[in-house]
Amino acid sequence: MTDMSATHVPPTLGVLLAGGLARRMGGGDKPMRSIGGRTILERVIARLAPQCSGLILNANGDPARFSAFGLQVIADDVPGFPGPLAGILAALDWTAASRPEIEWVLSAAGDCPFLPRDLVAQLHEARARENAQLAVAASGGQSHPVIGLWRVALREELRHALVVEDLRKIDRWTARYPLATVTWPTEPLDPFFNANTVEDVAEAERLAALDDAS
């Protein structure tokens, strides 16, 4: 297991972004779909809980539907479903108010069931090595900006970008700061595979069997 001692990795709060509308799957909550006998969200929590100093869930609508998972549920406070940046902002604000000793938040998509077990450690290592303000994950030649490290102190700058500038794309915001990118291999499976469509869920079943056997 990755060494998560304080000398290596600063205390980091994890936020699972589940605020999406899942239009390509006919609506509903993608993280609540089951693969390999466990919900996608269960798998995400199992991957991230050992790496983080607590987990929260960003979701809009009735929070009671997630009550079985025992996580604090926070909603966007920027109206109009502006996307994952709003969820990240909500997490930064919540952390500043409720866990002021924590300076870093890790965001992860709630529909990525195979996240790396060293995600937090590797992102922090790259950020520190490159003296970056932010860090994001990548695989297969593609950046995954929704999976990244965010400094709580940047929350007012993010709020300004969202509310005043109407900025929506994460990579447009991260381009304003020194950014570290960490690339993971895609074999035997892409750790950032996400279940966006019904067909993806079928593929996820196959990958879950590989993952559970590892």
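Two strands count as paired if DSSP finds at least two bridges between them, and the strands themselves, like the helices, are DSSP runs numbered from the N terminus, with at least two residues (E) for a strand and at least four (H or I) for a helix. The model on screen is predicted, so local features need pLDDT of at least 70 and side-chain atom pairs count only at pLDDT 80 or more, while totals for chains, interfaces and linings use all residues. Residues are numbered from 1 along each chain as its sequence is written, and side-chain values use heavy atoms, with hydrogens and water left out.

Begin with the sheet: select its seven strands, which form an open sheet of mixed pairing in the order E5-E4-E1-E6-E8-E7-E9. Strands E5 (72–74) and E9 (179–184) stand at the edges with a single partner strand each, so one side of each has no neighbour in the sheet. From one strand to the next the twist averages 30°, where axes are lines fitted to C-alpha atoms, for helices over the stretch in contact, and angles run from 0 to 180 degrees between N-to-C directions.

Next select E1 itself, residues 12–17, where six of six residues are buried, buried meaning under 20% relative accessible area, exposed over 50% and partly exposed in between (1.4 Å probe, protein chains only). Thr12, Gly14 and Leu16 point one way from the strand, and Leu13, Val15 and Leu17 the other way. E1 pairs in the parallel sense with E6 (residues 104–109) over six bridges, and Gly14 has Leu106 of E6 as its bridge partner.

Move on to helix H1, residues 40–48, which is largely enclosed by the rest of the structure because seven of its nine residues are buried; the buried residues include Arg43 and Arg47.

Two cysteines make the next stop: Cys52 counts as buried because its relative accessibility is 11%, and Cys112, at 3%, counts as buried as well. A search of the whole structure finds zero disulfides, a disulfide being a pair of cysteine sulfur atoms within 2.5 Å.
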